[in-house]
Amino acid sequence: MKRFAVALAIAGVVSGSSVLAHHSFAAEFDINKPITLQGTVTKVEWVNPHVYVYLDVKDASGKVTSWALSSLSPGAARRAGVTRANFGQGQTVTISGYHAKDASNFAFMRKMTFADGHSVELWLGDDEAKK
Amino acid sequence: MPRFLFLVACASIVASTMVVAQGPVDLNGVWGAAALPPAVEPGKSVRWLLPLKGVDPEGTDVFKGLDRIQVNNRAAAPNKPAYKPELVAKVKELSDKQGVLDPAFYCKPQGVPRMGPPSQIVQTPGQVVFLYGASNLFRIIPTDGRPHRADADPSYMGDSIGRFEGDTLVVDVTNFNDDTWLGSDGYFHSEKMHVVERLTRKGDVLTYTATVEDPLVLATPWTLPVRQLKLSKSAADALLEAPPCVEHDAPHIVTLDHH
């Protein structure tokens, strides 16, 4: 894993592709407000600067609330081997992430877990730094 | 007869070598493509971390850590643009509000020179075309000796003319608008900016440099960090249409964290 991460870092340095400027995630999402949502993926928007997933969440009374979830950039997803086909359009999934600071129905998506138990996680950090 | 064929072959080798030697350097190709892994089959699990050295992925420092690492990397860069003394405070103010003021955040082109070297070069007699794969943008650069055009509006990528100096393509760029930054730390410029890019091929490596002059805001010309790009030899690196840039985030920005 570490060697893989190093290889990616080098690829990033020698790559000529210009990276689109991103907003600060810290300005939008609260790492201290983890959130878990279960629902149906109604749309996967494969756009820059961030991939968006839209989720319809049904509560116990049957009321449906629509959520938007931001992931990393399409380019970062592709560097992970992840394409639009991995993001479960039309499927029932459980998404874990971090709620928006403005408390709207918006969150950062860290991990999408499917009904059969497989999962897609695009996140940030360094496993060597785990405490 | 075989001897005749041999002589013809020798002559054609000599002729083709002479043509290459007499013409400009060949810059055609896809440059600096990232080697991408195979796509993960739908239904298979994948876990991937955007590398953030020293940041625990299970901790509460991930978002702040991403910003901090990027800011620190830029702060450690040896050469930054030097502004006129009276404008240093303005640069800091723009930088402090970068999270909402950086024009590139709103899906505008990063512009020359911030967009960096092209991802593909198409070279034909009299013109060179730069293609930018990440943004679907292009630049047409005449190399037939014509001057800058006088009838174009100022633009994000400016007006380019090119010439060959030995192994180097030199691109002179003027007529910019002032709606781009040179980098993320408030590095604004005026419409008087003048950029000279140099692209030199040695073997399968392309070296890209860009020097920025702006008599209204910069104290001295600024040369960007040199970029070196490898020639791609894989069909898998052919440019694809990039996903468009669609701005969703601005309404949700609630703090001025610098990225």
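Trainee: In this predicted model, over how many bridges do strand 4 and strand 5 of chain B pair?

Mentor: Strand 4 of chain B covers residues 127–132. Within this pair, B:Leu131 stands opposite B:Phe138 of strand 5. The two strands pair in the antiparallel sense, and the number of bridges is six.

Trainee: Which strands are the edge strands of the open sheet in chain B?

Mentor: Four strands of chain B form this open sheet with antiparallel pairing, in the order 1-3-4-5. An edge strand pairs on one side only. That description applies to strand 1 (29–30) and strand 5 (137–142) of chain B.

Trainee: Which residue of strand 9 of chain B is the bridge partner of B:Val195?

Mentor: B:Val195 belongs to strand 8, on the covered face of that strand. Towards strand 7 of chain B, which is joined to strand 8 by six bridges in an antiparallel arrangement, B:Val195 is the partner of B:Val173. Strand 8 is also joined to strand 9 (residues 205–213), by nine antiparallel bridges. There, the bridge partner of B:Val195 is B:Val212.

Trainee: Which residues make up the uncovered face of strand 8 of chain B?

Mentor: In a regular strand the side chains alternate between the two faces of the sheet. In strand 8 (residues 194–202), the covered face holds B:Val195, B:Glu197, B:Leu199 and B:Arg201. The uncovered face consists of B:His194, B:Val196, B:Arg198, B:Thr200 and B:Lys202.

Trainee: Which residue takes a positive phi in the hairpin of strand 6 and strand 7 of chain B?

Mentor: Strand 6 (residues 159–165) and strand 7 (residues 168–174) of chain B run antiparallel and are joined by seven bridges. B:Glu165 stands opposite B:Thr168, and two residues lie between the strands. The residue with a positive phi, near 60°, is B:Gly166.

Trainee: Which residue in the turn between strand 8 and strand 9 of chain B has a positive phi?

Mentor: These two strands of chain B form a hairpin with two residues between them. The residue in that turn with a positive phi of about 60° is B:Gly203.

Trainee: Which strand of chain B gives the most to the side that touches chain A?

Mentor: The contact takes 66 residues from chain B and 57 residues from chain A. On the side of chain B, strand 2 (46–51), helix 2 (62–76) and strand 11 (227–230) each supply at least two residues. With six residues, the one that gives the most is strand 2.

Trainee: Which residue of strand 2 of chain B is the bridge partner of A:Leu122?

Mentor: Strand 6 (residues 119–125) of chain A and strand 2 of chain B run parallel, with six bridges joining them. The bridge partner of A:Leu122 is B:Trp48.

Trainee: Does B:Leu66 count as buried or exposed?

Mentor: B:Leu66 lies in helix 2 of chain B. Leaving aside neighbours within four places in sequence, B:Leu66 is in contact with A:Phe25, A:Leu124 and B:Leu52. A residue needs 20 or more C-beta neighbours within 10 Å to be buried. Because B:Leu66 has 21 inside 10 Å, it counts as buried.

Trainee: What pattern does chain A follow along the sequence?

Mentor: The secondary structure of chain A comes to two helices and six strands. Read along the sequence, the pattern is α-β-β-β-α-β-β-β.

Conventions: Residues are numbered from 1 along each chain as its sequence is written. Chains are lettered from A and ligands numbered from 1 in the order in which they are written. This is a predicted model: local features need pLDDT of at least 70, side-chain atom pairs count only at pLDDT 80 or more; totals for chains, interfaces and linings use all residues. Two strands pair if DSSP finds at least two bridges between them. Two residues are in contact if their C-beta atoms, placed from the backbone, lie within 7 Å. A residue is buried if 20 or more other C-beta atoms lie within 10 Å of its own, exposed if 12 or fewer, and partly exposed in between; C-beta atoms are placed from the backbone.
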